[in-house]
Amino acid sequence: MERVPEPEIMSSAEEARVYYKADFSEVNQEFAHRVLELAPQPPALLIDLGCGPGDILIRTMKLIPQLCFIGLDASAEMLKLAVEETKKNHFSPKISFIQGDAKKLSFPSHLFDMVISNSLVHHLLDPLPLWEEVKRIIKPEGTILFRDLARPSSPEAAWEIVEKYSGNEPPLLKILFFHSLKASFRINEIKEQLTRVGLSG
Ligand SMILES: C[S@@+](CC[C@H](N)C(=O)[O-])C[C@H]1O[C@@H](n2cnc3c(N)ncnc32)[C@H](O)[C@@H]1O
């Protein structure tokens with residue numbers, strides 16, 4: 001199946017809330033544990049690009065409270081939820097959220113010890129500017145951890161995945177998931193992008 005790009009930013013309040021309410025606890029906890037395995041020694045600065053409602057960042061902070069965390073997202077609605085969620089019971093002066101475009105960051109070069117991101121790349125029409133920014137902001141010995149969906153072979157295969165993993169979720173979430181699968185890249189496409197910006201290996 002050819003890639004069908006989707007809207008970049010999840011800017012509607014309805015989309016943000018349906019995403020926030022969905023149960024990603026198992027996969028998000030797995031991701032947080034992977035961060036723990038790879039995390040640099042404290043004190044260290046970690047950024048989550050396209051952090052959405054902040055669930056991964058909060059889970060990671062609970063596992064490694066010694067690090068400093070920045071969550072960045074382009075959607076004000078997503079960030080509102082992230083701040084709300086953090087205030088509920090996970091407040092820490094070591095976590096902050098910033099609105100910004102991951103393809104054009106205002107941070108100085110080589111600032112971060114770790115850059116993480118989950119399910120951002122498939123939102124971008126062209127991820128090359130993102131990879132360029134990741135290469136610029138990470139320290140020379142820093143760690144980069146990205147996870148994303150992989151594009152299935154056909155729309156039918158995409159629907160099967162949607163039904164298998166989000167069968168009980170609201171219709172809007174299922175539609176968002178379907179579009180995200182169609183917008184995703186294949187591993188070879190990501191490898192080619194990384195090679196082009198000198199991030200492979
Ligand atoms: C599918 S959500 C993933 C959220 C979160 N990482 C998670 O795993 O729950 C993708 C997020 O990326 C954000 N996003 C899309 N394009 C962006 C960009 N250029 N810069 C920053 N955030 C972006 C969207 O607004 C949305 O919150």
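Start with the ligand's shell: by class it holds 11 nonpolar, 7 polar and 4 charged residues. Nonpolar here means Ala, Val, Leu, Ile, Met, Phe, Trp, Tyr, Cys and Pro; charged means Asp, Glu, Lys and Arg; the others, Gly among them, are polar.

A word on the source: this is a predicted model, where local features need pLDDT of at least 70, side-chain atom pairs count only at pLDDT 80 or more, and totals for chains, interfaces and linings use all residues. Residues are numbered from 1 along each chain as its sequence is written, and side-chain values use heavy atoms, with hydrogens and water left out.

Which of the 22 residues around the ligand come nearest? Glu8, Gly50, Asp73, Asp101 and Asn118. Near means a heavy atom within 4 Å.

Now the polar contacts (N or O pairs within 3.5 Å). Gly50 puts a backbone N or O atom 2.7 Å from a ligand nitrogen. Tyr19 uses a polar side-chain atom, 3.1 Å from a ligand oxygen. On its own the ligand has 600 Å² of accessible area (Shrake-Rupley method, 1.4 Å probe),, and the protein covers 98% of that.

Next, the second largest pocket. Its space is about 520 Å³, counted as the space filled by probe spheres set on the grid points, joined across faces, edges and corners. A pocket is an open set of points on a 1 Å grid over the protein atoms alone, where a 1.4 Å probe fits, with protein on both sides within 12 Å along at least five of seven lines; lining residues have an atom within 4 Å of a point.

Of its 21 lining residues, Trp131, Phe146, Arg147, Ile190 and Leu194 lie nearest the centre.

Definitions and conventions: A polar contact is a pair of N or O atoms within 3.5 Å; within protein, one must be able to donate a hydrogen and the other to accept it, and residues adjacent in sequence count only if both atoms are side-chain atoms.
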